[in-house]
Amino acid sequence: MGARRLPHAQPPRTHALSRAGVVAALDREARSFSLRTRRRDGLFEVADGTLVAVSGMGRAAAVGAAGALVDAGATALVSWGLAGGLDPGLQAGTICLPSVVVSRDGTAFATDLHWREILRAAIGQRLIVVSGKLLTSAVALEDVAAKAAAFAETGAVAVDMESVGVAQIAALNKLPFVAVRAIIDTAGDTLPRAVMGAGVEGRVRLAPLILGIVRSPREIAPLMRLAKRYRAAIRALAAVARTGALAPLAFGAAHPDRIA
């Protein structure tokens, strides 16, 4: 009996140009790429050939979306979207290009240095850019205390819920990987309860959001503050997308290294 192949695993490839596959948890994050068209397989394609998948929130969802991108021909993977700040020095709209993505279970993947340098060169003069660690959390870190604890425990500068899942599929297929994350809520922000769960499946659902505001009118002020930070983060993502620094890219057999 032959050996079983892992899901989405493909033979190692050496290629001159890479076609980027982007995983975004939310539709609004994906829409930072303009002039995209929807394909029959449910993915979106940008004018330069970049493929975009809207995964929904969480590591498992990101794994599935990244696998679909690989199956569709992506030869490099990107975890794309918003992130929460853990480092108190980060402000909304800062772009995090982490050198490593980690999870609290000890998993860690290095991102592609060459690709990060291309991105930093393209955006560094117009946006604030940081590197360091990016934490993938199984749950949203909603308050200041939870963020401070994660910062102290892991040393990560920011947190999301998907990047380790995307890196896992990139490593499995020996593909280059980077994460591009714009800070939305800072280390000093507590997330309004009204927004929690409103975008689990990839689209912000208005009914739960409005109901949450009705039940907790005191959250109107923090929600407005978060909306301002959200606009700054989305503008930053769109600025990165406009650089065209995701594809086509020249790579050999580079791929993320699992380091723990």
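Trainee: Which residue in β9 does V102 stand opposite?

Mentor: That's A108. Bear in mind that this is a predicted model, where local features need pLDDT of at least 70, side-chain atom pairs count only at pLDDT 80 or more, and totals for chains, interfaces and linings use all residues. Residues are numbered from 1 along each chain as its sequence is written, and side-chain values use heavy atoms, with hydrogens and water left out.

Trainee: What makes β8 and β9 a pair?

Mentor: Strands are DSSP runs of E with at least two residues, helices are runs of H or I with at least four, and both are numbered from the N terminus. Two strands pair if DSSP finds at least two bridges between them. β8 (residues 100-103) has three bridges to β9 (residues 108-110), so the two pair, and they run antiparallel. In their hairpin, four residues sit between the strands, and G106 there has a positive phi near 95°.

Trainee: How do you know that β8 pairs with β11 too?

Mentor: Same test: β8 and β11 (residues 133-136) share four bridges, so they pair, this time parallel. Across that pairing, V101 stands opposite L134.

Trainee: Why is S103 called buried?

Mentor: Buried means under 20% relative accessible area, exposed means over 50%, and partly exposed is in between (1.4 Å probe, protein chains only). S103 comes out at 10%, so it counts as buried. V101 is buried on that side of β8 as well, and V100 and V102 are buried on the other, so both faces are covered.

Trainee: What does S103 touch, leaving out residues up to four places away in sequence?

Mentor: R59, L135, T136 and V164. Contact here means heavy atoms within 4.5 Å. V164 belongs to α5 and is itself buried.

Trainee: What makes α5 mostly covered?

Mentor: Eight of the ten residues in α5 (residues 163-172) are buried, including G165, I169 and A171. After the helix comes K174, with a positive phi near 55°.

Trainee: Why is the largest set of 36 residues called a nonpolar core?

Mentor: A nonpolar core is a set of buried Ala, Val, Leu, Ile, Met, Phe, Trp, Tyr and Cys residues joined through side-chain atoms within 4.5 Å. The largest one has 36 residues, and V78, W80 and W115 are among those touching the most other members. α3 (113-123) and β13 (177-183) are among the elements that each supply at least two residues, while α7 gives the most, eight. Apart from that core lies another one of 31 residues, including L51 and A167.
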